[in-house]
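Take a look at the structure below. Then follow the text through it, one place at a time.

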Amino acid sequence: MKQSQAPLWEYLNRRRQEEHVWLHVPTHGGGAGLPSELREAFGSYARFDLTELPGCDDLFHPTGIIAAAQELAAELWKAEATYFLAGGASAGVRAMLAAVCNPGDEVLVGRNAHKSLADALVFTGAVPRYLPVESRDGLLLNVKPEAVREGLLRYPRVKAIFLTSPGYNGVAADLAAIAGMARDAGVFLLVDEAHGAHFQFATEMPQPAGPFCDLCVQSWHKTLGALTPGAVLHCHSKHVDRRRLQDALQAVQTTSPPYPLLASLDAVRRRMALYGEKVVREMLAEARKLRRVLATYLPLLSAAEVARLGFSLDETRITVLAARAGVDGLALGRLLAACKIEVEFMQPHAVLAIVGPGYRPDWTQRVAAYLQAMPPLRENKIQVPQLPAPPPARYTPREAWFLPSALAPLSGATGFVAAASLVCYPPGVPLVFPGEEITPAVVEYLLAARRAGITVHGVDGQEQVRVIAEV
Ligand SMILES: Cc1ncc(COP(=O)(O)O)c(C=O)c1O
């Protein structure tokens, strides 16, 4: 099959024009059974909303159009095999770890991991050994090769290294250097590349994970314009047990994957195969224009600064360093949102804007016009403290999950052990993993984050956290 074909999309698109009698799920019958307001909004989408009918293949046992679409994706990303994910990169992260780690296996984990990794640690019983992450201006950058080297020396029995590269702000680690260490140590290199599916299409981008890792996960809805939460897992290694990987995927995914989402993955793959370089270069060109506009008013995290720190930057991620300018990033984000200019995330210290394939060039003008007329920005009065140091672990995430737990007020939680992750969302990176002690610095940080209006997963409406009950 050729990259100019999109077998899954083409089949579903053809089929939607035929009249079928729907004696199967989903029972909306291709749209007719949707509530009328949904019928109007989602009518054509519903024609693609099918199930494992003859011709439609089966995500868990693909032999037809899904298999063909996955093979084309694997060919384009030069993987041994590619698996479509209907549960986002989150599902891929869980499956990736479950594919290679047994209970008790040690894994080196960059401390900028997404919260789905905490679930993966609970699910697998793997024991995390955290690697420090460089930070600047309250932002997590990435893991340095030296940190990996030290981790491997300190924990010689690790089974795998789990890195998140790039991080949310587009800062990528030196995967080439780290891959050499992983190879020499004979350990798996697993990469959460949720934000980096576009890297291989332009040399100005950081290096893609594919040539260096055993397994990686990419969130195509985040970078390539697929439907939410379309993502993929690539297997780049002959050493991974593919049967076990497939079983792991089945354990973390729905048995009813949405076909519109799967079709979007296939169509996005075809677009990248045919025009990938153009798509990414256009994103980059537009991002650079937007950077120039923003940089007249506020400092940005730049590729040069990131390179000096030993990392590389995807410039389509534009981080406004509000704290460095002494202004309140939340106020900036809210002013922009009031004018219908929506950023990816806003926090007191930083605002993140993403330029993707859906970016319209005239939006730069709109932002420029707004910034010119914008009232002076409020000085940053809400001081969110420095990111707290990773707390000491008292239990593994899996042990912590299954121990009896109770609710405790966050303000009085110092010294207790967290039963669940505590995570500012975004960026979705746990400050505390299950089983770690809640330190004074964590409490101070989370209380300040809450006061600043940041969503914190793991803290409920009564400002309570789940802690391991004392026996
Ligand atoms: C680094 C990273 N990995 C994984 C995920 C989960 O991705 P998804 O939303 O596709 O499940 C996110 C989500 O923000 C992320 O930032």
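**A walk through the model**

Pro-166 sits in the loop between strand E6 (160–164) and strand E7 (171–172). Helices (H or I, at least four residues) and strands (E, at least two) are DSSP runs, numbered from the N terminus. A cis peptide bond links Ser-165 to Pro-166, with omega about 5°.

Some background on the model itself. Residues are numbered from 1 along each chain as its sequence is written. The model is predicted: local features need pLDDT of at least 70, side-chain atom pairs count only at pLDDT 80 or more, and totals for chains, interfaces and linings use all residues.

Now go to Pro-26. Its place is the loop between H1 and helix H2 (36–46). The peptide bond from Val-25 to Pro-26 is cis, and omega is near -10°.

Next come two residues with positive phi. Asp-57 is not a glycine, yet its phi is positive, about 65°. Asp-57 lies in the loop between H2 and helix H3 (65–76). Is Asp-57 buried or exposed? Asp-57 is buried, with 23 other C-beta atoms within 10 Å. Buried stands for 20 or more other C-beta atoms within 10 Å of a residue's own, exposed for 12 or fewer, and partly exposed for counts in between, with C-beta atoms placed from the backbone.

Lys-78 is also a residue other than glycine, and its phi is positive, near 50°. Lys-78 belongs to the loop between H3 and strand E1 (81–85). With 12 other C-beta atoms within 10 Å, Lys-78 is exposed.

Turn to the helices. H1 (residues 7–15) and H10 (residues 259–295) pack at about 130°, and their axes are 7 Å apart. Axes are lines fitted to C-alpha atoms, for helices over the stretch in contact, and angles run from 0 to 180 degrees between N-to-C directions. That angle makes H1 oblique to H10. Under 35 degrees counts as roughly parallel, over 145 as roughly antiparallel, 65 to 115 as roughly perpendicular, and the rest as oblique.

Which residues of H1 and H10 make the contact? H1 brings Pro-7, Leu-8, Trp-9 and Leu-12, while H10 brings Tyr-259, Leu-262, Ala-263, Asp-266 and Ala-267. Contact requires C-beta atoms, placed from the backbone, within 7 Å. Eight of these residues are nonpolar, none polar and one charged. Ala, Val, Leu, Ile, Met, Phe, Trp, Tyr, Cys and Pro count as nonpolar, Asp, Glu, Lys and Arg as charged, and the others, Gly among them, as polar.

Helix H4 (residues 88–100) gives the most to the shell around the ligand: four residues. By class, this shell has six nonpolar, seven polar and one charged residues.

Notes. Two residues are in contact if their C-beta atoms, placed from the backbone, lie within 7 Å.
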